[in-house]
Amino acid sequence: MSAPETLLTTPLHALHRELGAEFGGFAGYDMPIRYPAGIMAEHQHCRASAALFDVSHMGQVLVKGPNVIAALEKLVPGDIEALKVGRQRYTLFTNARGGIMDDLMVTRRETDLFVVVNASCKTEDFAHMKAHMPPGTVAMIDDRALIALQGPQAVAVIARMDPRISTVPFMGATELKLNGLDCWVSRSGYTGEDGVEISVPAHGAEALARHLLAQPEVMPAGLGARDSLRLEAGLCLYGADLDQNTTPVEAGLTWTIGKRRKLEGGFIGAEAVLEQLFAGPRKVRVGIRPEGKAPARAHTLIVDETNNEIGEITSGGFGPTVGAPVAMGYVTPDYADDGTAIGLVIRGKVHPARIAPLPFVPKGWK
Amino acid sequence: MSDVRYTKDHEWIRLEGGIGVVGITDYAQNALGDVVFVEVPEAGKALTAGGEAGVIESVKAASEIYSPVSGEVVEGNAGLDGDPALVNSSPTGDGWIFKVKLSNPDEVGKLMTEAEYRAFVDGLD
């Protein structure tokens, strides 16, 4: 099936087609959902070896200039000041009500900040940053692709090309020469596994991807496997598990708020967020294990023992590594303890489930 | 001799006397991807042609199974409970989904023959 003309493509689109990908629209891009091996095999391969994902649809932004760290701290609750050069941090753009506008990665480099935001939010994020940061400090990067290589063998594969990766810790970042290209590489990912995310000049992205795919450990994986992997790892998907009406406290992301930031505030929506830290949230994000075999998808209603609504699933499906359905959602705090019995309304019938600890699989990184 | 007919929703039905065995086609299982759960209809359930008869869940999403004919469910495939991937590995064999006692055998005539279905699928890509 060919893509409607309105969808954008990444620099790896032709390669995906050659690899036999099945495509789907995601955040305005025609993206590979799965390859002929299928989501299950791609998922398992990532957990066992290394999988290559094209995430070039995501927004890459450079922030550079005087006072940009203080300016960025007005938009996020993370402690960016304390972030060391060569380190990366997960943080959030918050709105005036303390809701989450997007989640993002910030890498502090020698002379600038490298920011990666979600594809679905990148236009708004870029405008938001431009509006609140000093003039001329924010630049969207549109000439680089983004490739994630994820799995226990991912770092070994990269080390074969540039051994310096071995000294980079998880959530660290460095510049590497890969395939003769200047790549910005962070040891991070969205699968729960060890791995790297590589920002590569767009003109060399296909050659680099081909080189990586030629390594015996590597197979391509699409957005389908990316979703099942991140769900098992308990990682949030913006627009599903996080949105403008959900605060960092509700989302269980209080750990992303720096200690100094908790005391000082000073970010958009700080009053609402800090008040909630004190008074407690109205709803909380939890892991959920259905007791039967039927997967419970996003928007499945969660009920208590007398069938009163207590929340909703925001991400759910089958966990290939768990070998059973898994989900995440929000419930009222009274029902948030691990092991609490709940009901899930699937096609009109209540199915038993329990609140479960996140992640569903042990983390593969140190 | 058995006669297999097809729907535009990619179900097949194989007639064995007054009973129809129903499953999804190879094209459908390939489009769905790895099947992880099948909600098969229970014996006794009344079905109408084109009406919902069950649900197939792949890793990716849930999809409805529609009954090719009207009638009463005789049996759901219990084997799919332990091994839903049979729908992928053997969509027209062990991966059948339910058996139905036809209430209006004339409905079968409206379904596609194998040649017609093949032409239909060829037109989709």
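Predicted model: local features only at pLDDT ≥ 70, side-chain atom pairs only at ≥ 80, totals over all residues.
**Domains of chain A.** For their contact, I found 12 residues from domain 1 of chain A and 15 residues from domain 2 of chain A.

**The domain 1 side.** Which elements of chain A supply at least two residues each here? I found H2 and H7 of chain A on the side that touches domain 2. H2(A) gives the most, with 4 residues. By class, I noted 4 nonpolar, 4 polar and 4 charged residues on this side of domain 1 of chain A.

**Chain A against chain B.** Next I checked the two chains: 15 residues of chain A are in contact with 11 residues of chain B. On the chain A side, helix H2 (39–48), helix H7 (223–232) and strand S16 (309–319) each supply at least two residues. I sorted the chain A side that touches chain B into 7 nonpolar, 4 polar and 4 charged residues.

**A sheet in chain B.** My last stop was an open sheet of 3 strands in chain B, with the order S4-S6-S7 and antiparallel pairing. Strand S4 (35–39) and strand S7 (62–66) of chain B are at the edges with a single partner strand each, so one side of each has no neighbour in the sheet. I read an average twist of 25° from one strand to the next. Looking at one pair, I found 4 bridges joining S4(B) to strand S6 (residues 52–58) of chain B.

Terms used
Residues numbered from 1 in each chain as written. Chains lettered and ligands numbered in written order. Contact = placed C-beta atoms within 7 Å. Nonpolar A, V, L, I, M, F, W, Y, C, P; charged D, E, K, R; others polar. Pairing = 2+ DSSP bridges. Axes fitted to C-alpha atoms, helices over the stretch in contact; angles between N-to-C directions.
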